[in-house]
Amino acid sequence: MILKLADFYIKYDRANFVLEVKAADYITDSDKIDFEIIISDDDIQKERIIEGMDVPVMRVENNLLYERIAEKTPLLNAFAMHAATIDVGGIGVAFSARSGTGKTTHAKLWQKYLPNAKIIN
């Protein structure tokens, strides 16, 4: 699968069902690849030992994927941040927080109540 995130094309062949659902809006048919992320079974096992064996494998894989993207993007003069972002009259605003805290909900409220607000990501 190729994911398009912030104009970067990322090849990742180990996608699980949860990732495919969460990343559905970012999956592309493009042949362009800026970089590839490889996560092995061994990588997942090592991370499960650190995070705890009770953590679901798919969650560990998704966390590793995000970490690897965050490691690669500085090599392309960029950085990764877990956030919902909006454009308000040409000014970018990012809401950064842990998963499930309401970043996207907050961005949607800005878009709903501010006519010049547009969700970017």
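Analyst: Contact here means heavy atoms within 4.5 Å. The model is a predicted one.

User: What share of the contacts with a separation of 6 or more comes from residues 24 or more positions apart?
Analyst: The contacts counted are those in the protein with a separation of 6 or more. Of these, the part that joins residues 24 or more positions apart is 48%.

User: How many helices and strands does the protein have, and in which pattern do they follow along the sequence?
Analyst: The protein has four helices and seven strands. Read along the sequence, they give the pattern β-β-α-β-β-α-α-β-β-α-β.

User: What are the rough dimensions of the box filled by the C-alpha atoms?
Analyst: The box is taken along the principal axes. For the C-alpha atoms of the protein its dimensions are roughly 50 × 35 × 25 Å.

User: What percentage of the residues count as buried, and what percentage of the exposed area do carbon and sulfur atoms supply?
Analyst: The protein has 121 residues, of which 27% count as buried. It exposes about 8200 Å². The part of this area supplied by carbon and sulfur atoms is 55%.

User: How far apart are the mean positions of the positive and negative charges?
Analyst: The protein has 15 positive and 18 negative charges.

User: Which element gives the most to the lining of the largest pocket?
Analyst: The largest pocket has a volume of about 1600 Å³. Elements giving two or more residues to its lining are strands E1 (2-5), E2 (8-11) and E5 (83-88), together with helices H1 (17-22), H3 (57-72) and H4 (103-113). The most, seven residues, comes from H3.

User: How many residues line that pocket, and which lie nearest its centre?
Analyst: The lining of the largest pocket consists of 37 residues. Those nearest the centre are Tyr-66, Met-81, His-82, Ala-83 and Asn-121.

User: Is Met-81 buried or exposed, or partly exposed, and which residues does it touch?
Analyst: Met-81 lies in the loop between H3 and E5. Its relative accessible area is 42%, so Met-81 counts as partly exposed, since that class runs between 20% and 50%. Leaving out residues up to four places away in sequence, Met-81 touches Tyr-66, Ala-94 and Ser-96.

User: What is the C-alpha to C-alpha distance between Met-81 and Lys-108?
Analyst: Met-81 and Lys-108 are 27 residues apart in sequence. In space, C-alpha to C-alpha, the distance between Met-81 and Lys-108 is 19 Å.

User: Why does Asn-62 count as buried, and which residues is it in contact with?
Analyst: Asn-62 belongs to helix H3. Asn-62 counts as buried because its relative accessible area is 19%, and the cut-off for buried is under 20%. Neighbours within four places in sequence aside, Asn-62 is in contact with Asn-16, Val-18 and Leu-19.

User: What separates the C-alpha atoms of Met-58 and Val-18?
Analyst: Met-58 is also found in helix H3, and at 37% relative accessibility it is partly exposed. Not counting residues up to four places away in sequence, Met-58 touches Asn-16 and Val-18. Met-58 and Val-18 are 40 residues apart along the chain, and their C-alpha atoms are separated by 7.1 Å.

User: What phi does Asp-7 have, and what phi does Asn-77 have?
Analyst: Most residues other than glycine have a negative phi. Asp-7, in the loop between E1 and E2, is exposed at 56% relative accessible area. Asn-77, in the loop between H3 and E5, is exposed at 77%. Neither is a glycine, yet phi is positive in each: about 70° for Asp-7 and about 60° for Asn-77.

User: How far is Leu-75 from Val-60, C-alpha to C-alpha?
Analyst: Leu-75 is placed in the loop between H3 and E5. With a relative accessible area of 70%, Leu-75 is exposed. Leu-75 and Val-60 are 15 residues apart along the chain, and their C-alpha atoms are separated by 24 Å.

User: How far apart in space are Met-1 and Tyr-12?
Analyst: Met-1 is in the segment before E1 and is partly exposed, at 23% relative accessibility. Met-1 and Tyr-12 are eleven residues apart in sequence, and their C-alpha to C-alpha distance is 5.5 Å.

Definitions and conventions: Residues numbered from 1 in each chain as written. Predicted model: local features only at pLDDT ≥ 70, side-chain atom pairs only at ≥ 80, totals over all residues. Heavy atoms only, no water. Buried < 20%, exposed > 50% of the residue type's maximum accessible area, 1.4 Å probe, protein only. Areas by Shrake-Rupley, 256 points an atom, 1.4 Å probe, with all protein chains shown as cover. Lys, Arg positive; Asp, Glu negative; His and termini not counted. Charge placed at Lys NZ, Arg CZ, Asp CG, Glu CD. 1 Å grid on protein atoms, 1.4 Å probe; cavity = no way out; pocket = protein on both sides within 12 Å on 5 of 7 lines; lining within 4 Å. Points joined across faces, edges and corners; volume = space filled by probe spheres on them.
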